[in-house]
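Open the model in your viewer and keep the selection tool at hand. Each stop below gives a selection and what to look for there.

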Amino acid sequence: MSDDTALPESLIELAQRYGVATEYTDWTHRAVAVSAPTLIAVLDALGVAAATEADRADALAAHDRDHWARPLPPTIVGRSGATTPFWVHVTHGDPARLWLRLEDGSVRTGIRQLENNRPPYDLDGRLVGEATFELPADLPIGYHRLHLQVGPSDISTTVIVSPSTLLRSVRLATGRTWGLATQLYSVRSRKSWGIGDLTDLTDLAVWSAARYGAGFVLANPLHAAAPVAPMEPSPYLPTSRRFVNPLYLRVEAVPEFAYIRHRGRIRKAQAQVQARANRSTQIDRDAAWKAKRAALEALYLVELSDGRQIAYQAFQQRQGRSLDDFATWCALAEHYGADWHQWPEALQHPRNDAVTEFAEQHAAEVDFHRWLQWLVDEQLSAAQDAAVQAGMELGIMHDLAVGVDPNGADAWALQDVLALGVTAGAPPDEFNQLGQDWSQPPWRPDRLADAAYEPFRALVSAVLRHAGGVRIDHIIGLFRLWWIPKGSLPTVGTYVRYDHEAMIGIVALEAHRAGAVVVGEDLGTVEPWVRDYLRDRGLYGTSILWFEMTDEGREPLPADRWREYCLSAVTTHDLPPTAGYLAGEHVRLRDELGLLTRTADEELAGDRAHQDAWLAELRRVGLLADGDEDTDHVVLALHRYLGRTPSRLLSLSLADAVGEVRTQNQPGTTDAYPNWRVPLGGPMGKQILLEDIFADPRAAALCEAMRSAVTPRS
């Protein structure tokens with residue numbers, strides 16, 4: 001690095017202390033230095049002033065003081081079967097008594113002290129000594145409380161003990177299984193309300209399990225969107241990840257529907273919105289929600305039976321303040337708009353008195369949104385129960401998005417643990433050569449630790465409540481996340497590290513308790529050790545066929561070299577369905593939208609060579625005849641190839657099953673392409689309903705191929 005670009009040593013030291021990368025390796029394996037302005041902006045988002053040498057000196061001194069002033073770490077994280085060391089700070093020479101209150105209420109004492117010869121620290125004239133202790137290896141998994149008694153003072157901190165591995169938490173009968181992956185909103189049945197819903201998800205699960213032995217259905221994130229128009233179409237930019245979009249409710253499946261007087265009006269509304277959807281080329285969430293909401297408002301007025309009233313009260317008690325905050329935000333959004341930054345200042349924080357007053361004055365409006373979440377919870381439970389009863393080993397596998405809308409409910413309710421002034425995204429890679437800005441506020445690692453990770457724990461617990469599995473989008477973000485200063489290009493960012501032992505440990509603990517598998521989407525730029533770490537913790541990775549190439553990148557990776565603990569698929573929602581991919585749709589679309597960094601001819605030539613290599617591999621293993629390039633034959637052969645891999649989880653996109661060619665999402669765009677608004681269609685783009693899928697010979701052939709792929713050979 002030349003002298004004129006060298007970073008000040010104080011800035012490097014400060015960045016390292018806060019887990020901010022000063023350099024990184026990009027997707028071409030080139031070392032990239034991070035600029036000083038980027039580091040200063042990212043540190044500022046962490047509450048650290050670093051613009052001048054004096055600022056940095058003060059920040060380093062404050063960091064030391066904060067560390068030594070803490071009697072205990074903000075959170076202690078360990079694994080079952082292993083001891084866990086931790087430090088304790090007390091006035092030098094003072095005795096310290098430690099004891100544990102376990103999650104079940106029992107008490108453990110006798111915590112062993114280890115040798116620590118670190119000299120004491122002068123904290124404003126008080127010498128503070130550091131001692132090291134270790135938690136015993138036989139602690140049960142769970143959330144415990146460590147207490148430190150010094151004289152009359154009692155100080156405590158949270159202890160999280162997670163299972164060492166998830167591999168024994170869920171057993172697959174034959175060691176592997178397959179499932180459908182679907183964008184649920186795009187999958188309508190004849191009785192839908194213009195958009196796929198939870199009854200459609202249930203029927204899809206039952207059909208694939210009963211007819212073809214599927215073990216799971218992987219749905220797009222069902223996270224909540226703001227309840228006002230225009231409703232955000234992207235399931236990966238929700239207003240809340242903790243709660244679910246009531247747009248997915250089936251109105252007629254609500255028990256109170258049986259007691260409403262004017263059911264004919266509701267059925268007429270359903271028919272009208274469905275007819276409009278039949279004529280439209282795009283999914284209209286606003287029209288669907290307007291009609292569905294009116295029907296739900298009528299159902300809300302029906303008096304609950306005593307038993308259901310008790311169940312509703314239990315749901316509210318279980319969800320606690322988080323549900324109240326979410327429901328209050330929804331009511332506020334209906335009055336003031338979906339961007340809380342534009343609300344009156346007194347309403348911009350959930351703990352303000354004005355927010356409490358608003359909730360009291362609009363109690364029925366707030367309760368309506370609580371009630372909607374209860375209904376969603378019931379229908380999610382019913383979907384999971386039906387899937388398992390139909391024979392699925394896992395059932396519904398939910399998808400957890402990376403983050404939330406910066407103007408939405410979670411950003412409002414959790415603003416104290418989120419980083420402001422930056423957005424999360426991804427650096428450039430082979431398929432997104434300009435990088436990505438997801439416009440989402442990232443977690444602040446320090447604030448999460450101070451909160452004992454409770455917001456993250458609640459999120460993971462909620463998504464696994466009615467699930468046999470969860471796919472975590474961009475799971476690498478639990479290790480390090482690309483932070484972009486607001487107003488900057490995605491290329492002008494850097495990585496910020498998280499305590500992955502805590503984040504992954506919490507995921508493992510909650511999944512163990514739910515008896516669920518965890519699939520991490522670990523595509524893109526990944527440090528090599530990360531995949532090994534995930535495998536050791538019993539989390540599955542993700543393999544997409546088109547990306548599985550040898551280290552040289554010129555030849556397909558042979559099936560027997562694929563990962564075992566992995567969910568493997570031919571395609572993903574950020575690429576066209578396989579028929580479209582074979583036709584070069586991904587190159588044509590990116591060229592049309594100006595997303596390529598080289599000419600379309602160069603891209604097409606490279607893509608053709610890539611596809612030819614895969615066709616040659618299919619022929620080499622006997623899955624495709626010489627000269628056969630029929631699209632249906634190639635799609636079938638590619639999915640049969642998945643069966644040659646050792647991967648324990650295989651996935652078939654529902655879009656592939658019906659011959660769809662259009663992509664659901666083109667990364668790097670917002671309104672230039674109708675992302676997340678394409679209704680499921682066949683090879684010619686004509687809409688296809690769920691009932692049609694059940695009788696579709698193409699879908700039957702691919703599902704049968706997937707069943708055969710996971711069936712042990714006799």
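Select helices α12 and α13: their crossing is right-handed. (A crossing is right-handed if the near helix is turned clockwise from the far one by less than a right angle, left-handed if anticlockwise.) Helix α12 covers residues 454–463 and helix α13 residues 500–514; they pack at about 35 degrees, axes 9 Å apart. Axes are lines fitted to C-alpha atoms, for helices over the stretch in contact, and angles run from 0 to 180 degrees between N-to-C directions. Helices (H or I, at least four residues) and strands (E, at least two) are DSSP runs, numbered from the N terminus.

Now show side chains. Phe456, Arg457, Val460 and Ser461 of α12 meet Met503, Ile506, Val507 and Glu510 of α13. Contact means heavy atoms within 4.5 Å. The set divides into five nonpolar, one polar and two charged residues. (Ala, Val, Leu, Ile, Met, Phe, Trp, Tyr, Cys and Pro count as nonpolar; Asp, Glu, Lys and Arg as charged; the others, Gly among them, as polar.)

A note on the model: it is predicted, local features need pLDDT of at least 70, side-chain atom pairs count only at pLDDT 80 or more, and totals for chains, interfaces and linings use all residues. Residues are numbered from 1 along each chain as its sequence is written, and side-chain values use heavy atoms, with hydrogens and water left out.

Among the contacts of Thr158 beyond four places in sequence are Arg457, Ala452 and Pro74. Thr158 sits in strand β11, residues 153–162. Its side chain makes a polar contact with that of Arg145, at 2.6 Å. (A polar contact is a pair of N or O atoms within 3.5 Å; within protein, one must be able to donate a hydrogen and the other to accept it, and residues adjacent in sequence count only if both atoms are side-chain atoms.) Thr158 counts as buried because its relative accessible area is 7%. Buried means under 20%, exposed over 50%, partly exposed in between (1.4 Å probe, protein chains only).

Next, the open sheet: four strands, order β18-β17-β20-β21, antiparallel pairing. Strands pair if DSSP finds at least two bridges between them. The edges are β18 (436–440) and β21 (494–497).

Last, which two residues does a cis peptide bond join? Ala229 and Pro230, with omega about -5 degrees. Most peptide bonds are trans.
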